[in-house]
Amino acid sequence: MLPAHDNTYITRTGPGTPMGNLLRRFWAPVLLSSELPGPDCPPVQLRVMSEDLVAFRTTSGRPAVLAAHCPHRGASLFFGRNEEEGLRCVYHGWKFDATGRCIDMPNEPPESNPSTGHFGAAQGNLRTSPSAELRTSFRDKVHHTAYQCREQAGIIWVYLGPPDLQAELPQLEWAALPPSHIVVSKRLQDCNYLQAMEGGIDPSHLSFLHSKKEASQKPVEAGGIRFPPYMTRDRHPRFETLETGSGVQIAARRVADDEHFYWRISQFLLPWYTIFPADPGLPLGGHAWVPIDDTHCWTWSFSWQAERPLTPEEVADMRSGLGIHAHVDPITFQPLANRANDYRVDRVEQHRGSFSGIRGIGEQDMAAQESMGPIYDRTKEHLGVSDAAIISMRRLLLRLAHALEAGQEPAAAAQPENYRVRSAALVLPRAQPWQQGAAGALASPVFT
Ligand code: FES
Ligand SMILES: [Fe+2]
């Protein structure tokens, strides 16, 4: 269990919170590029770590993210006109460029914004010295909050941290691949990011939630994911965790036969990514959980083949709704199977052998994670040895957030090259340590 103060500390990510400050040191994937389909397209409203934002694509094609509320009197810029390299508020016409600079203020008389000379308008609560008033136009003094954006892998990323600490995007394997090699999706999840992320680094649940009731001699396959028979034959894996420069490696050991173990080594990558293993030759997969606010998050899902383009059959399989890519409403990204319809649980299927009776790995995860409540009260949990990865991840996040409060920046945020890792699944002789047997398989070949 987690003491109440730690539970509050680790789950709250709004502006000024310790965990929010830590997460803001890292780039956040926030929109699919397709949500801003072209220059001067309609703006999109979004919320990231309890900050209301608006995104738009400029006339020259550059993505931009601004605070949602116009600095004049607070109307939402979501209703704004996206035109000529800026977003114009529809209330009184103020216009802002991608950097947050106010570039037009058409409801103010000319003397408010002289090119030089006296600054004459009534300025409300804006306080400036007389000498500044002589030099500065009203427009120049109104600087709106704008965040740095990047576009990579069909995703728009935003950096909400201190500008002087901004590093490059993390060198994640999937993010470095061409579009032909990767499937990306996102879905809205109605719970705190942490309990969703805990599900993502919990290899123990694979043998239940995503599996069959009976032990199987055949792999369990769904939507491009394959769980070999070891997963249902050995349902209580042993865990080892290893902290790395970018997160935690999680090794789950199952019995393969009398002489071998089946190892699945996953990656938790700071502050919200996972990569889970696949048998050799099969696509890899992973997630990111980005807080929308304290009771909602975006669950990003990624499937990829580093060495070759995905085949049409693989893409169709991934998009089938059976795997990690849930079927969602195309506007809201709310999954079609959701809490309101009990995730379409099918009790007949559950009786027949599906462990959960819920269709789709993403939906199965959602049902379990959202059913824990909007923010799970971890003072009530009972962690076992099978929860070792979750304990390691929480310890790391808590330690880094406390260190940041004491003035120590998280090193991983400034070391994008430390993200050049992948996961692995392999059968090793029982005597062979996984660190040795898997060492080559855990380095991404994409960057060499
Ligand atoms: S509130 Fe935006 S221009 Fe007035
Ligand atoms: Fe899962």
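Q: Which side chain does His 210 make a polar contact with at 3.0 Å?
A: In this predicted model, that partner is the side chain of His 205.

Q: And what sits at 2.9 Å from the His 210 side chain, as a polar contact?
A: Asp 365, again through its side chain.

Q: Is His 210 buried or exposed?
A: Buried, because its relative accessibility is 7% and the cut-off for buried is under 20%.

Q: What else is His 210 in contact with, leaving aside neighbours within four places in sequence?
A: Besides His 205 and Asp 365, there are Val 220, Phe 227, Ile 361 and Gln 364.

Q: Switching topic: where's Asp 346?
A: Asp 346 is in the loop that runs between helix 7 (312-318) and helix 8 (347-352).

Q: Which backbone nitrogen lies 2.9 Å from a polar atom of its side chain?
A: The one of Val 348.

Q: How exposed is Asp 346?
A: Partly exposed, at 32% relative accessible area.

Q: What separates the C-alpha atoms of Asp 346 and Gly 357?
A: 4.9 Å, although the two are eleven residues apart along the chain.

Q: Last one, helix 1: which residues are buried there?
A: Helix 1 covers residues 4-11, and Asp 6, Asn 7, Tyr 9, Ile 10 and Thr 11 are buried.

Q: What covers them?
A: The cover over the buried residues of helix 1 includes helix 2 (18-23), helix 5 and helix 10 (388-405).

How values were computed. Residues numbered from 1 in each chain as written. Chains lettered and ligands numbered in written order. Predicted model: local features only at pLDDT ≥ 70, side-chain atom pairs only at ≥ 80, totals over all residues. Heavy atoms only, no water. Buried < 20%, exposed > 50% of the residue type's maximum accessible area, 1.4 Å probe, protein only. Polar contact = N/O pair within 3.5 Å; in protein donor to acceptor, adjacent residues only side chain to side chain. Contact = heavy atoms within 4.5 Å. Helix = DSSP H or I, 4+ residues; strand = E, 2+ residues; numbered from the N terminus.
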